[in-house]
Amino acid sequence: MTTPTSPKALADAVRRGERRALARAITLIESANPAHRADAEALLEALLPHTGRSVRVGISGVPGVGKSTFIEAFGLHVIGQGHKVAVLAIDPSSQRTGGSILGDKTRMVDLSRDANAFIRPSPAGSTLGGVARRTREAMLVCEAAGFDVIVVETVGVGQSETAVADMVDLFLLLLLPAGGDELQGIKKGIMELADVVVVNKADGDLASTARHTVADYRHALALLRHGGAWRVPVLSCSAFHKSGIDAVWATIGEHRAAMEQAGLRAQRRAEQARAWLWSEIRETLLDAFRRHPQVQAALPALEASVTAGTHIPTAAARTLLERFLGRPVTNSD
Ligand code: GDP
């Protein structure tokens, strides 16, 4: 990809809300070409003063729970309230399988046609950290372009929830009207990340099951969490019939007010910035490590002997690190 304009000119076009510039800026950020990184960083530096003023909402749930239906209904509702909505996705499944859980079907058709919405599928990447880093940056670009509600969507099947919870103000977990976590395929620990729980598909034959699910999770969450500035609410909605969506949006507003009042909003963002710095250091180091010629030369044989059980991983890691650093690794390192 070539960038026809300078990072400064691109930043100005993004700030004016030009959609093509926005798309181009994100493509630049996602570029795997190391030569584009300097431009991407210059662009982000130019945009940084104009970021941070959105409501950042993470949404997760197992495949089939109704994420795209919900985000479409939610996005259209929020646009109706005078906002601009950007939807970004983190889909780590595409790394392992070559296909993606989030991206395969035609999703959010009505929302994608709306002039006040911007939808970007999950960036490609070899690691979750890499995908998350691009999404964080894309979020900043969207904010600078005037989007004041950012939805970061992920599948509720793995570690990506933690990555998303680490970059948003509020993490919303969508549930099915059904039994406990195991039945719903929800991984341990994900419930602890939720700031708001919403039982979707509360309609038709599922309406009464949905009521029971709401009661069950209210009970479970009351046991799980104590005190704090925010009690995790359990709501229900029908994304399909677009009912209960207004209450979800109102709850997001209440969460924001409660966090601000307790001084926790700024604190959460400051902690996220620090965590981002460290994950950036990790990712950059790992990239450099993987690309190092001496490491590349030794890696296949060492990996094979580790998997065959003839070499201990700690020793193999030390050998590789020594090649990377060009000096022996000592205990004082
Ligand atoms: P995702 O995989 O989580 O993105 O789920 P989708 O949004 O693609 O929805 C999966 C299926 O559930 C689709 O057939 C939807 O039409 C259906 N669905 C989504 N929301 C609702 C709802 O509120 N009520 C009912 N009855 N079906 C829904």
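Analyst: What follows describes that interface.

The model is predicted: local features need pLDDT of at least 70 and side-chain atom pairs count only at pLDDT 80 or more, while totals for chains, interfaces and linings use all residues. Residues are numbered from 1 along each chain as its sequence is written, and side-chain values use heavy atoms, with hydrogens and water left out.

The domain assignment, with bounds from an automatic or database source, gives domain 1 (1-50), domain 2 (52-262) and domain 3 (276-325). Seven residues from domain 2 and seven residues from domain 3 make the contact (heavy atoms within 4.5 Å). Between them, domain 2 and domain 3 bury about 610 Å², buried area being the accessible area (1.4 Å probe) that two parts lose on being put together, summed over both. Of this area, 47% lies on carbon and sulfur atoms. On the side of domain 2, Thr-127, Arg-133 and Arg-136 supply 74% of the area buried against domain 3, more than any other three residues.

Two salt bridges are counted between domain 2 and domain 3 (a side-chain nitrogen of Lys or Arg within 4 Å of a carboxyl oxygen of Asp or Glu). Arg-133 forms a salt bridge with Glu-280, and the closest N and O atoms are 2.8 Å apart. By class, the side of domain 2 that touches domain 3 has one nonpolar, three polar and three charged residues; Ala, Val, Leu, Ile, Met, Phe, Trp, Tyr, Cys and Pro count as nonpolar, Asp, Glu, Lys and Arg as charged, and the others, Gly among them, as polar.
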